[in-house]
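Please read the following with the sequence and the 3D structure at hand. The text goes from a sheet to a pair of chains and then to a pair of helices.

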Amino acid sequence: MDLNYSPEELAFRDEVRAWLTKNLPAELKDKGHYSKEELLRWHRILAKKGWVAPAWPKEWGGTGWNVVQRYIFEEELGYAGGPMLIPFGLTMCAPVLLRFGTEAQKKRFLPRIYNGDDFWCQGYSEPGSGSDLASLKTKAVRNGERYVVNGQKIWTTLAHYADWIFCLVRTDPTVEKRQEGISFLLIDMKAPGITVRPLILMDGAHEVNEVFFDDVEVPAENLVHDEGKGWTVAKYLLGYERMNTGRIGESKRQLARLKEFASHQIRTNSRFRDRLSRLEIELIALEITNLRFLDRMRRTGQPPGADVSMLKIKGTEIQQGLTELAMECIDPLAGDEKSLALQKKYLTTRKTTIYAGSNEIQRNIIAKMTLGL
Amino acid sequence: MNFDYSEEQQLLADSVRRFLQNKYQFEDRKKIISGAGWSEEVWAQFAEMGLTALPVSPDYGGFGGGAVDLMSVMEAFGEALVVEPLLPTLAAARLVGRAGTSTQKKALLPAVADGRLRMAFAESPKANVVGAPAAHKLIVLAEENLFIVDAAEVPMQPYRTIDNMLAARIDFSPSKADLLAKGAGAAVEEALDFATALVCAEAVGAMKFACDTTLEYLKTRKQFGVPIGTFQALQHRIVDMFISHEQAKSMACLACSRVDSSANPDERARAVSAAKIRIADAARHVSQEAVQLHGGMGMSEELKVSHSFRRLTVLARQFGDADHHLQRFASL
């Protein structure tokens, strides 16, 4: 056992860090919210370097890095403080196409995702289908070479930026096992009949939306995998998604910034100091737990197990803990710019334990899949 | 970066586990506890397997192993709730190895390595010393100085701790003692960090037992006509126990690894204190939930889970509780 990076791994980290320091524009660092142009600007800088989709196969632009290198890269990316790479195309739609898509679909969509030509969003949740996703009602009826889609999606992150949406839709309402009536469909956001309405969250920001489908026609070639196999696709994606939710590099940056910002409290309030220490230790532990999972994947060649859900649970608890401590360092009644930013950060970070499968759903997954309950 | 055990480490862990499975079931342990409180026969087996020689320097008949080499052994000890005083002996021997003169090392360490000499460590001149009744030599920390005392020279009343370890309350003040080291700050810190890392590993093993046995109980205990593990309120709680155990295990890996490889004492101390804080928190969480999810059965002396509760309660505090290590962590 050796918890230190090898000299090669350290050299790799230094190379990544040096490049990020040089190439991440200062004006893109540590902003609460980013415009579409800002998000795409950073995406394209990384695409030009060849680093925007490390995990993809090499023929589609992947870097060929091993899991540890990929982890180091992700952590450095988060630690650098730039905008988060929007996952919907790069790490959600693309892995699905690579696994289940036709050659034509891959050729059509992957290069455009890589280069940031298409901005993607995810159409999963519906007003009546949150944690119970398989109850979704948005329906797609096959009509010759087209599907006609009607229904509504909700909490659709950055739908107002998106060119495309990948959706779970109900293609067969009659099957007994409701999961088998669901299909995975790619829909052009410019198609007639789509309406995007903003949902403003409690920090006042516009990040999520409602998306309405009113007789939207979708070419049948945009179906991924077979009709009725959408749930298989969604489950595949879920495992993929959970591996990336620890967000450890980003939390390390927030921790370093908090320590600087809270230096007075740390010196004068030992209760605050101890809570911060415990949070820091939880983050250290999570990083090692994450590395242990990667090490297992590397050793066994197996995909991540259901227990990686704990990375999502712990990672988001840490993110919330950090914003909560930052909030405690300021006057909740203050109205200056710095205080407002921290107040809003605290507010918006409450979403993390709810989105991408609430932490309660993650616990259900571990209970069922890992513990056999 | 890798988390593999070497072939030797794996072989040793396997043989220790096999031995404990064959000869140290809960019923065997009960017999030991109701008798002398430790078993010379078991101790001889541990020595035979090389556990006493493992961390002793090759210059004195040992194998020169480190904390990582002992990690899976200590985990296995934690799972089986071993009562034989290996850790007190290894901690005291570490102090001799780090702080003693070569004459003292020659006199003590080869005997430790081949299992003839047991030792214990007292953190102050008036202390409750685990392992003392079975020990031949005691190492005492008095202010900044370390002394070696013959166990036979000090009056002691043996008793059992709440987790059934053999211990004695000792007042060393009028004792005849040999100086081991004067002002041995750095050496003592290092040896205590070594022992603390091993305590962390032992606690991880005890937590693993508590998690596993509780999971088994949730699957077999029926109420309202169904296994109680079908209730979501209980599922989420046992999931959190498993997460606590995994986070604790990660920190034990860090502590053992840093004890072995850190050139920088502050880096080592920071890792060990961080580990002890997380493990103290996890030990409390896991042990309390294990009892709660067992209901009344969790309270009973008959079940091993109540013994793991007691062991974890003690391990959470041994070699410094969370508050102590929070203070140290913040000062580094």
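In which sense do strand 3 and strand 4 of chain B pair, and over how many bridges? Strand 3 (residues 137-142) and strand 4 (residues 145-150) of chain B pair in the antiparallel sense over 6 bridges; two strands pair if DSSP finds at least two bridges between them. B:Ala142 stands opposite B:Asn145 in strand 4 of chain B.

This is a predicted model, in which local features need pLDDT of at least 70, side-chain atom pairs count only at pLDDT 80 or more, and totals for chains, interfaces and linings use all residues. Residues are numbered from 1 along each chain as its sequence is written, while chains are lettered from A and ligands numbered from 1 in the order in which they are written.

Strands (E, at least two residues) and helices (H or I, at least four) are DSSP runs, numbered from the N terminus.

Chain B also touches chain A, in a contact of 29 residues from chain B and 31 residues from chain A; residues are in contact if their C-beta atoms, placed from the backbone, lie within 7 Å. Helix 8 of chain B gives the most to the chain B side, with 14 residues.

Within chain A, helix 10 (residues 309-328) and helix 11 (residues 337-349) pack at an angle of about 150°, with their axes 9 Å apart. Axes are lines fitted to C-alpha atoms, for helices over the stretch in contact, and angles run from 0 to 180 degrees between N-to-C directions.

Conventions
Two residues are in contact if their C-beta atoms, placed from the backbone, lie within 7 Å.
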